[in-house]
Amino acid sequence: MSPAEIKDSTKESATKESATKREIAVEIPVEDVNRQTDSLIQKYQKVARIPGFRRGHVPASIIRQRFSEEIKTDMVEALIPRFFRQEAERLSLHPVSQPRVTDLHLHDGEPLRFKAAFEVLPEIKLEGYKELRADKPEIAVSEADVEQALADLRERHASFNPVEGRALADGDFAQVSLDGNPKAEQKTDQGRTGEGKSDQGKSDEGQPVHMDEVLVEIAGKNTMPEFTEHLRGTSAGDERTFDVNYPDDTQDKRLAGKTFSYAVKVQSIKQKSLPELNDEFAKQLGEFQTMDDVRKAIREQMESERKREAERAAKEKLVGELIQRNDFEVPDSLIEQQIDIRLERGLRALAAQGLTAEQMKKMDLQRLRAGQREQAIHDVKAALLLERVAAEENIQVNDEEFDRELESLARQSKQTSEAVRARLTRDGGLDRIRTRIRNEKTLDFLYHQSA
């Protein structure tokens with residue numbers, strides 16, 4: 001049956017105050033309902049096992065009576081999606097969400113009627129993108145920048161030589177093993193710190209810390225003062241116990257704002273030796289002959305990195321301005337999908353850093369989702385606007401560009417490009433990849449049009 005044959009009583013009742021929400025009423029003719037019912041009865045006749053009847057010879061009346069609810073469920077699942085799509089196409093509507101079916105009326109000898117609420121893309125009147133201008137600052141790398149990079153390079157290639165016959169002094173490195181256990185603390189009404197639980201009734205304790213063969217620089221700028229105070233003057237084999245109070249802005253979140261009690265054993269004393277900045281060191285770094293070659297490579301790399309960062313920041317600003325010039329309502333379903341993507345990406349990153357599945361289960365996902373909503377709205381608006389600009393400027397992705405991206409993904413995942421293509425085909429990800437490449441090309445267009 002063609003969409004045109006659906007009765008004229010089918011109507012659209014769009015939510016007037018929303019640019020993205022729609023509701024349509026659909027009526028499926030009784031002859032289609034009966035045809036589908038008969039087909040399902042025949043299917044059940046082939047497999048039904050009912051005492052007193054041979055398999056495949058159960059009368060239709062018995063099947064209809066015995067499997068009434070199952071047949072209705074199967075019939076609804078078969079007909080509603082098909083006739084919903086037909087009616088949406090007839091009305092030139094393009095759903096971006098699964099329909100929510102309500103007011104389902106299903107009675108013998110009558111048409112099947114239902115309402116379907118869903119979301120569509122808003123009409124976007126694209127304005128002002130040709131007037132966008134990107135910031136393109138001058139990229140400069142000073143001699144001081146290069147020298148600092150060389151200093152960092154020397155640090156990464158430093159050697160640590162054992163020292164014997166004396167105690168630890170400032171500038172030395174203690175090679176230690178340590179065990180740290182958090183101390184439960186709370187804030188009192190006066191803001192003092194005391195033993196026990198927090199005022200929310202939850203323990204402030206973190207996770208124990210154990211490390212072997214850790215190098216601690218005595219009086220180093222990044223060394224906690226308590227380590228310097230208690231290890232200065234010790235010798236190999238000595239053991240010390242002491243507390244360390246970590247500030248709230250400590251980078252390691254296991255330690256931030258907590259007090260740890262440490263048991264530390266000094267294994268050995270070492271001194272750091274930095275390589276000389278000479279041509280011999282240059283040759284150790286790779287395909288370099290002189291330190292001048294190294295300095296040149298460092299400068300070029302820094303210039304390239306700063307150029308990429310400046311371009312990335314400029315493109316982000318362009319997208320922000322594009323969104324400001326073109327405000328529109330975003331379908332909730334697309335926002336939720338983007339939140340899912342952002343959360344999945346974030347959880348993968350946390351897992352790579354060592355967060356366990358058990359720890360993830362304890363996370364407040366509702367709060368995390370709420371925290372991602374604003375950025376998700378920005379991401380969806382940006383993607384929709386870039387697609388509109390691409391359509392206006394006829395920006396396309398050719399097969400060579402697409403294959404090149406697949407090869408890049410294959411290298412990252414250590415798979416063949418054929419395996420990556422097969423996986424993306426199964427997951428429905430090929431279109432997403434093509435859309436992303438197209439949006440990146442469109443953003444390049446916006447960036448370079450302002451030159």
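A salt bridge here is a side-chain nitrogen of Lys or Arg within 4 Å of a carboxyl oxygen of Asp or Glu. With that rule in hand, let us walk through the model together. The model is predicted, so local features need pLDDT of at least 70 and side-chain atom pairs count only at pLDDT 80 or more, while totals for chains, interfaces and linings use all residues. Residues are numbered from 1 along each chain as its sequence is written, and side-chain values use heavy atoms, with hydrogens and water left out.

A search of the whole structure turns up 33 salt bridges. Some of these contacts join into a network that links Lys21, Glu119, Asp332, Glu336, Asp340, Arg369 and Arg373. Helices are DSSP runs (H or I, at least four residues), as are strands (E, at least two), and both are numbered from the N terminus. Arginine 369 is partly exposed at 25% relative accessible area, and glutamate 336 is partly exposed at 31%. For these labels, buried means under 20% relative accessible area, exposed means over 50%, and partly exposed is in between (1.4 Å probe, protein chains only).

Glutamate 147 forms a salt bridge with arginine 295, and their closest N and O atoms are 3.2 Å apart. The two partners are 148 residues apart, glutamate 147 in helix H4 and arginine 295 in helix H7. Glutamate 147 counts as partly exposed at 34% relative accessibility, and arginine 295 is partly exposed at 26%.

For a local pair, look at helix H11. Arginine 404 and glutamate 400 form a salt bridge through their side chains at 3.6 Å, N to O. They are four residues apart in helix H11 (residues 399–413), so about one helical turn separates them. Glutamate 400 is exposed at 57%, whereas arginine 404 is partly exposed at 46%.

On the surface, Asp279, Glu280, Asp292 and Asp293 gather in a patch of negative charge. Helix H6 (279–284) and helix H7 (291–325) are the elements that give two or more residues to this patch. A patch is built from residues with over 30% relative accessible area and no salt bridge, joining like charges within 9 Å and nonpolar side chains (Val, Leu, Ile, Met, Phe, Trp, Tyr) within 5 Å. Aspartate 292, in helix H7, is exposed with a relative accessible area of 57%.

Helix H7 also holds lysine 315, which is buried at 13% relative accessible area. Leaving out residues up to four places away in sequence, lysine 315 touches Leu443, Asp444 and Tyr447, where contact means heavy atoms within 4.5 Å.

Our last stop is isoleucine 124, in the loop between strand E4 (112–119) and helix H4 (143–156). Is isoleucine 124 buried or exposed? Isoleucine 124 is buried, with a relative accessible area of 12%. Apart from residues up to four places away in sequence, isoleucine 124 touches Phe328, Leu384, Leu385 and Arg388. As for leucine 343, 219 residues away along the chain, its C-alpha atom is separated from that of isoleucine 124 by 28 Å.

Terms used
Areas by Shrake-Rupley, 256 points an atom, 1.4 Å probe, with all protein chains shown as cover. Lys, Arg positive; Asp, Glu negative; His and termini not counted. Charge placed at Lys NZ, Arg CZ, Asp CG, Glu CD.
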